[in-house]
Amino acid sequence: MVLFVVLGLLAGSASADGFHEVQKEEYWVSWDGGANVTLDTILYGPADLLNRTKESILDVGIENATRLFASQTAQKLAQQGLKMENATAEILGYNSTGPLETIVRGYIPNFARYYSYDGVWEISLDVLRVADLYQIDPTKINGSVTLENTFTVHLPEGAEVTLLPENYSATSNGSYVKIAVSRKGSDVVIHSVIYFAKGVSYADIQKIYGKPRAFVIQYRGKPGKENATLWKMQIFNNITVGKNQTVFDSVEKYLEPESYVNYLKIQISYQGVDKAEQGLYQRYAQAFQKEGITVRSGKVRILNLNSTGPLIVEYHFVLQNFTKEVNGTYIYAYDPKLELGTMQFLNRLDASINETKVTRFVLSEGAKFVEIPKDIEVSSNGNRIILKVEKVSDSEVVIRSEVFLRYGTPLKDYQELMSKVPDKVEFKYQLGSSSKSTCGPALLVALAVLPLLLLRRRF
């Protein structure tokens, strides 16, 4: 699409007033979820930008330019999790005084996704052109921008439409967004107009785009095959309370997806193991210090880089001031949701998540637990949150936790599940007359190179 190619010219244009692009996307979807696609984009102006784009095409040659358009379109789709196969491009009007038109054709497998969670197919469309506008800052463009878009989706024969995007409109100081949705049989048409007036502000953009939203076409008819990714990790903690210090040992095992675990191993090896270990140590130490905890010593080891097994990270820290005493009682706060309770997504989980955590908590001699939480077991449609507490003795407990979130879980169901589980449970203990403890809530930090899904602090 033209905008994606000329972003650099647009952002740097001294007279970009009147940028006008019309985009027509058409998809023919089959029951396996794949779709033949035609992406037709017409750039009407401004004249100087239009002419410079045509000159650039002539400079590189029409054959090279068509390959460039096809490649960049495929790259843009890849950023949205879509793979375009057999992409070809056609450029029209590059040697004329009229508009410039590009047509990209190809095939996208898994364009529609099947969710066995509730037996539906869903197609998500970037109706607001977020992927494109993310590349530029409309407030820095010296002129107005008009993006007209028509998305035509031909659903498989016999598809029963169960959900369509809602019409939407919003305005602010002359800038606006308008979205209209229509359907005729198995054909769904979504027309959107995005207009940024010259001098548009961040406040204007925020107002017209409103809250983040997903534009989804949902239908039923035939079952399909899921293309789910499983994110799986295990954590093993040992927290040992001494009279003057707390020893915290942790082992994190990153198990799946295998392809991403292998990618991480390559990146760590390329970066250098020593450098990666030092980076993780600093991340942990800074997190401890932020909580007022003193790190007396520590070490991080990354293992299994040259094996086919999981990526393993071992942590060892000796700590002081690890908790604060309240009225003679120490509290170890534990998150039974394993820090998966505040994930942000628009529509559904596009991966399964399985995280387990075992924490052995041993008090110093003479100390004893005076209160431990009850077990938790909550499940819904294949999702589950489990907390099991074993009191080994008055001074030792073992906490076993698991969170499993199913691929395709809708946001509403996820939120409902999480609302049934407390954000934290408390283990309370008191010290004996001869004990002096510096222990408290275990502060854990995920491997820094993992995606945002797992990149979080674990208390």
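Modeller: Start with Phe-317. Beyond the neighbours within four places in sequence, Phe-317 is in contact (heavy atoms within 4.5 Å) with Thr-246, Val-247, Phe-248, Tyr-281, Tyr-284, Phe-288, Val-295, Ser-297 and Gly-298. This is a predicted model, where local features need pLDDT of at least 70, side-chain atom pairs count only at 80 or more, and totals for chains, interfaces and linings use all residues. Residues are numbered from 1 along each chain as its sequence is written, and side-chain values use heavy atoms, without hydrogens and water.

Biologist: Which members of the largest nonpolar core touch the most others?

Modeller: They are Phe-288, Phe-317, Phe-361, Leu-405 and Phe-427, in a core of 55 residues. A nonpolar core is a set of buried Ala, Val, Leu, Ile, Met, Phe, Trp, Tyr and Cys residues joined through side-chain atoms within 4.5 Å. Helix α8 (residues 273–290) gives the most to this core, with six residues. A second, separate core has 54 residues, including Leu-39 and Phe-196.

Biologist: Why is Val-300 called buried?

Modeller: Its relative accessible area is 5%. Buried means under 20%, exposed over 50%, and partly exposed in between, with a 1.4 Å probe and protein chains only. So Val-300 counts as buried.

Biologist: What is Val-300 in contact with, leaving aside neighbours within four places in sequence?

Modeller: Its partners are Glu-277, Leu-280, Tyr-281, Val-313, Glu-314 and Tyr-315. Val-300 itself lies in strand β15 (residues 294–303). Helices (H or I, at least four residues) and strands (E, at least two) are DSSP runs, numbered from the N terminus.

Biologist: What classes of residue make up the lining of the largest cavity?

Modeller: Seven are nonpolar, three polar and five charged. Ala, Val, Leu, Ile, Met, Phe, Trp, Tyr, Cys and Pro count as nonpolar, Asp, Glu, Lys and Arg as charged, and the others, Gly among them, as polar.

Biologist: How confident is the predictor across the chain?

Modeller: The mean pLDDT (confidence in each residue, from 0 to 100) is 87, and 90% of residues reach 70 or more. Over residues 1–15 the pLDDT is below 50. Where pLDDT is low, the predicted coordinates should not be read in detail.
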